[in-house]
Each structure stands twice: as structure tokens, then as C-alpha cells.
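The sequence and structure come first.

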Amino acid sequence: MKFAVFFLTGLLVFPAVAQKNWTASCLTTMSQLDDSFPGDVGIFVKSLSDGEICEFQADKRWYLASTIKIPVAIALLREVEKGQIDLQKKLTLKRSDYVDGSGDLLWQDPGKSFTVQHLLKNMLEQSDSTATDMLIGLMGVGTLNKTIHELAPDFAPLTTILQVRYDAYGELHPKAKTLTNMDFIELKKFPVAKRYEAFAKLIQVPVSELKTASIEEAFEKYYARGLNSTTLRSFGSLLEKLARGQVLNKAHTALVLKYMQEMKTGENRLKAGLPKDVVFAQKTGTQVARMCNVGIAASKKKAQQKTVIVACAEKYLDQAGAEKVLKKMADALTEEGAFKNF
């Protein structure tokens, strides 16, 4: 990962004419992007109509951040199809349910009730972490992992979003386990650069007793444990099964894809580089020095034309740069002809 002219000029030359086999040039371009980016990138792309694949670092394990909300949705709806959960069942929001991050549930008063379907919609459209953990709590983290392991064995154990906080901050100090969900919400109000001292103050220990030199180092140690991760190829396989209607019935498949299409985040990532005649059912995920964007690109004109895309960036310097490189990955796919039959 070298600092090349690409990030000084913001330009990268792609082939002007779509090649007959776009996958060969795709691999070269993704390698160039990785060399030019101050971090690492990976991608898995598969056309579901002809089986053509482009993959770069797709067999490496990547931390998935909020893209795990797609597996959560799949596992939940499989329980609905078994008759174990009713989408119209209402769950009451408790103060202990709040999780820092996206979504409007964080601003709702305790005691309000929401249907399971409303929580599912919030989770996929708004990346609502409070809704996510309420749904995981409803079906059980054991059921979630059992279901996803059956569908995609390469997935590492998935946890609640709140558990990610306990595990990552636990790398800083064991007293992280004494914090409440509301404490983590308070911590999130500080920029990452100031969160280190804020954490020490919150657990009432001197900074000198923290086990890592920074929040970033603590999260890197957490990522190294492998939780909430998988290979891009494995995630791509799960998305392919979803797109082909192999994991959920027709109605639930359509519901998940509809919510993913209406997602409110990620406008500057892969979606920004896709052709205008493409509908992108997607999910994004962002954590400290980690970013992913996954989804199913479909033709507005030819329903059978679909392409799975799973892309991640890690160990980068800033979020804006990571978003830019994800867009450039989609730019490259478009220029090289990945959607030529759309």
C-alpha cells in the first residue's frame, strides 16, 4: 500500500472501452487501488447471470461492522418462517436497549412499543443499532450464529452491537465491563482523539493504567480476535443465496431487498460509482479504521441481471478517503464493463 500519484491528483486511469472479459482488468485495477490507498482494500464481485467473478483479497477475513445486520435480518426472518417469531409482535423499548450509533430509536422514549417488522425496517434502512440488538435479543445470539453458520460456515461468531463496545474497550482496561450502555453513548459523543482520556475518566483510573496507547490500538487488538468477520467471498455467497431466493421465501426476500434499497447511508460509497440504471440493495458498515459496503446491484430494465458486490477498506487514515476509494472501485467496475449487460 504505497502513497502513489492517485491520492495526490485524485485520478486513476481506467480502460476507456469495456473489455470482453472485464474480470482480468478488474483485478489489475483493484490491485492498483490497493497500492495507491493508505490502507488495504478488498473486493468480491460476481455477476449472477453469467458467473463472471472479480476478487481481490477476497479470501482474507474482514471485520464487517454494521453489514452484519444483513445476516441478522436473514436469521430473524427464517425464525419467522418457522413460526417462532411474529413480525407483528411488539417489543417495548427499555433504557437498557439503547445502543450508540445510527437510527431514530435512540431518540425515542423508554416504554414505547414497536413491531418486529418496524425494528427490521429501522435496522436495514437506518442501520439502527438499538433495533439490531433488540432483534438479536429476541431470537437469541445462539440462534443467529447457528443459522448463519449453516448458510455461510466461514462467518466468525456474530455478537450484539453493544458487545462490540465491551470487547473493544475491554482491550483498554478490564473495568470496561462495569460500564452501562448509556456510558458508551456518552463516550461516543467525544471524537476518537479525545475518547481515550474520556474513557479513563469514566472508569476512574489514570491514563497510565490503560493497556493500549490509543483507542485505535485497542480496536486493532479487538479486530485481531476475529469476531464479526468473514471473507468477502463468503459474504458474497450469502448475498447470492439471498438474491436467488435460496435463504428466504419470496415475500421475505423482497422485503429485505426493499429495505436495503431504501437504506439512508452510503451515498458516497459504491452507489456513487454505479451506473444510473442500476438499483443497489445495500448495507454499509463503519467502525474505527474499518469500512465495508455490500449489496446486490440489479438492472432496472432486466430483472434477471444482478451482480453481488462486497467491498471493504481497513487501516486507513480518514473516513473520507475510505469512502472515496470505495466509490473508485465502483467507478472501475462500471468503466470496465461489469454492468455491460444491464
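Leaving aside neighbours within four places in sequence, which residues is Asp100 in contact with? They are Leu106, Ser129, Arg165, Phe184, Ile185 and Lys188, where contact means heavy atoms within 4.5 Å. The model is predicted: local features need pLDDT of at least 70 and side-chain atom pairs pLDDT 80 or more, while totals for chains, interfaces and linings use all residues. Residues are numbered from 1 along each chain as its sequence is written, and side-chain values use heavy atoms, with hydrogens and water left out.

**Asp100**

- Asp100 lies in the loop between strand 4 and strand 5; helices (H or I, at least four residues) and strands (E, at least two) are DSSP runs, numbered from the N terminus.
- Asp100 counts as buried at 5% relative accessibility; buried means under 20% relative accessible area, exposed over 50% and partly exposed in between, with a 1.4 Å probe and protein chains only.
- The side chains of Asp100 and Arg165 are joined by a polar contact of 2.9 Å. Such a contact is a pair of N or O atoms within 3.5 Å; within protein, one must be able to donate a hydrogen and the other to accept it, and residues adjacent in sequence count only if both atoms are side-chain atoms.
- Another polar contact, of 3.4 Å, links the side chain of Asp100 with that of Lys188.
- Between Asp100 and Thr286 there are 186 residues of sequence separation and 13 Å in space, C-alpha to C-alpha.

**Asp97**

- Asp97 is placed in the loop between strand 4 (90-92) and strand 5 (113-115).
- With a relative accessible area of 13%, Asp97 is buried.
- Not counting residues up to four places away in sequence, Asp97 touches Thr92, Thr130, Met134 and Asn181.
- Its side chain reaches the backbone nitrogen of Lys94 at 2.8 Å.

**Helices 7 and 8**

- Helix 7 (residues 161-170) and helix 8 (residues 181-188) have axes that come within 11 Å and cross at roughly 75 degrees. Helix 7 is therefore roughly perpendicular to helix 8; angles of 65 to 115 degrees count as roughly perpendicular, under 35 as roughly parallel, over 145 as roughly antiparallel and the rest as oblique.
- Axes are lines fitted to C-alpha atoms, for helices over the stretch in contact, and angles run from 0 to 180 degrees between N-to-C directions.
- From helix 7, Leu162, Arg165, Tyr166 and Tyr169 meet Asn181, Phe184, Leu187 and Lys188 of helix 8.

**Helix 4**

- Helix 4 (residues 116-125) is largely enclosed by the rest of the structure, because 7 of its 10 residues are buried.
- The buried residues of helix 4 are Val116, Leu119, Leu120, Asn122, Met123, Leu124 and Glu125.
- These buried residues pack against helix 3 (69-81), strand 4, strand 5, helix 5 (129-139), helix 12 and strand 7.

- Five strands, "5 strands" in the order 2-1-9-8-7, form an open sheet with antiparallel pairing; two strands pair if DSSP finds at least two bridges between them.
- Strand 2 (53-56) and strand 7 (278-287) stand at the edges with a single partner strand each, so one side of each has no neighbour in the sheet.
- From one strand to the next, the twist averages 10 degrees.
- Strand 8 (residues 290-299) and strand 9 (residues 306-314) run antiparallel and are joined by 9 bridges; Asn293 has Ala311 in strand 9 as its bridge partner.
- Helix 12 (residues 250-261) packs on the sheet, touching strand 7 and strand 8, and its direction makes about 70 degrees with that of strand 7.
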